[in-house]
Amino acid sequence: MVWVCTSLIGMDIHSTSKNPVTLLGLGDMGTALARAWLAAGHPLTVWNRTPEKAEPLAGQGARTVAGPAEAVAAATGPIVLCLLDDASVGEALDGIDLHGKDVINLTTSTPAQAQQRARWAEDRGARFLDGGIMAIPPMIGRPETGGYIFYSGDHALFERHREALAVPAGAEFVGEDPGHAALHDIALLSAMTGMFAGITHAFALVGPEKDLDRARFATLLAEWLGAMSGAAHGMAAQLESGGYTEGVTSNLAMMAAANDTLLATARDQSVDPRLLTPYMELMRLRVAQGHGDEGLAGAVGLLGGE
Ligand code: FVH
């Protein structure tokens, strides 16, 4: 019985000793992050340029401060930035003493901006991690949705705050180069953009068909895209080995020929093919270079970036 009581007291102490978090930026994403940390019992200090956005969080237990300098000065744990863009980070923290502080920037940035922001923070005596959020606000604080955040930069800093960082979404460290989280983030968002372009074209194709069940079509579309997304693994293996014909089941020459059927159908349905043609042009070029027996990996080099 004595042991049980001690154990319960121990649990109690633990639950009230969560790492304090300071959060600058209470837009849609910042507010979702704030709610997740509050729900998990982390003491939270918040600041937002437009102070009214902090009021509901104050009612839920957050401490609000009047300005970013006050928030930073009071911070004893991670200072998380979730602002509109890199320029707003510079504006919000301009002239503020960051010496000895742990700065974690979840604002979407380019890899170059993230690297530059890391140098900027370190020049001011701060430790720095950059993050790229792979989630939308309703996914925050709900692990079952599969949202996560890429982190890169100071690995020791990531480990120090790992528990707090894992509260809003999964925490995935992708390297000590501070630009790597943004690189992963932007690469995945770019792939998503291509996918949305394909979905847009598909709905335009079936658009005039009055008797088509769009909900059923959407299910088929999502399942097909899911099945085809496995091609990423094959491309990665070929790019690693340099053997672009290894294990090819659907070669480029066949796909380029099928593209003519895709374009003819777009024409018949009076659909503008502009979302597809740049990629088809790349495939045609690779075939014209004599690589019709390859899969899609050879097209990567045509875009540069090597
Ligand atoms: N929302 C989403 O779906 C995406 C999911 C993936 C990651 N993004 C990135 O997260 C950053 C914040 O996004 P957000 O959704 O919170 O954006 P907004 O609701 O527009 O809020 C923007 C906040 O930034 C503040 N702000 C803007 N400029 C300044 C400035 N010069 N100085 C200080 N703060 C600034 C703004 O303040 P206010 O307008 O309320 O006064 C908001 O707090 C973003 O990088 C996304 O790409 C979200």
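This is a predicted model: local features need pLDDT of at least 70, side-chain atom pairs count only at pLDDT 80 or more; totals for chains, interfaces and linings use all residues.

Guide: Let's start with one side chain: that of Asn-48 reaches the backbone nitrogen of Leu-26 at 2.7 Å. Such a polar contact is a pair of N or O atoms within 3.5 Å; within protein, one must be able to donate a hydrogen and the other to accept it, and residues adjacent in sequence count only if both atoms are side-chain atoms. Residues are numbered from 1 along each chain as its sequence is written, and side-chain values use heavy atoms, with hydrogens and water left out.

Visitor: Got it. Which backbone oxygen lies 3.0 Å from a polar atom of the Asn-48 side chain?

Guide: That of Thr-50.

Visitor: And where does Asn-48 lie?

Guide: Asn-48 is in the loop between β2 (44–47) and α3 (55–59). Helices (H or I, at least four residues) and strands (E, at least two) are DSSP runs, numbered from the N terminus.

Visitor: Is Asn-48 buried or exposed?

Guide: Asn-48 counts as buried because its relative accessible area is 11%. Buried means under 20% relative accessible area, exposed over 50%, and partly exposed in between (1.4 Å probe, protein chains only).

Visitor: Which residues is Asn-48 in contact with, leaving aside neighbours within four places in sequence?

Guide: With that exclusion, the contacts of Asn-48 are Gly-25, Leu-26, Gly-27 and Lys-53. Contact here means heavy atoms within 4.5 Å.

Visitor: Switching topic: which domains does the chain have?

Guide: The domain assignment gives domain 1 (6–177) and domain 2 (184–302). Those bounds come from an automatic or database domain assignment. Between the C-alpha centres of domain 1 and domain 2 there are 38 Å.

Visitor: How many residues of each domain are in contact with the other?

Guide: Eight residues of domain 1 are in contact with five of domain 2. About 520 Å² is buried between domain 1 and domain 2, and carbon and sulfur atoms give 77% of that. Buried area is the accessible area (1.4 Å probe) that two parts lose on being put together, summed over both.

Visitor: How many salt bridges cross the interface of domain 1 and domain 2?

Guide: Zero, by the rule used here. A salt bridge is a side-chain nitrogen of Lys or Arg within 4 Å of a carboxyl oxygen of Asp or Glu. On the side of domain 1 that touches domain 2, β6 (127–134) and β7 (148–153) each supply at least two residues, and β6 gives the most, with three residues.

Visitor: What kinds of residues make up that side of domain 1?

Guide: Five are nonpolar, three polar and none charged. In this scheme Ala, Val, Leu, Ile, Met, Phe, Trp, Tyr, Cys and Pro count as nonpolar, Asp, Glu, Lys and Arg as charged, and the others, Gly among them, as polar.

Visitor: How many salt bridges are there in the whole structure, then?

Guide: The search finds eight. One of them joins Glu-281 and Arg-284, at 2.8 Å from N to O. Glu-281 and Arg-284 both lie in helix α13 (residues 277–288), three residues apart, which is about one turn of the helix. Glu-281 is partly exposed at 41% relative accessible area, and Arg-284 is partly exposed at 45%.

Visitor: Last stop, Ser-270. What is its phi?

Guide: Ser-270 has a positive phi of about 55°, although it is not a glycine. Most residues other than glycine have a negative phi. Ser-270 sits in the loop between α12 (252–268) and α13, and counts as exposed because its relative accessibility is 70%.
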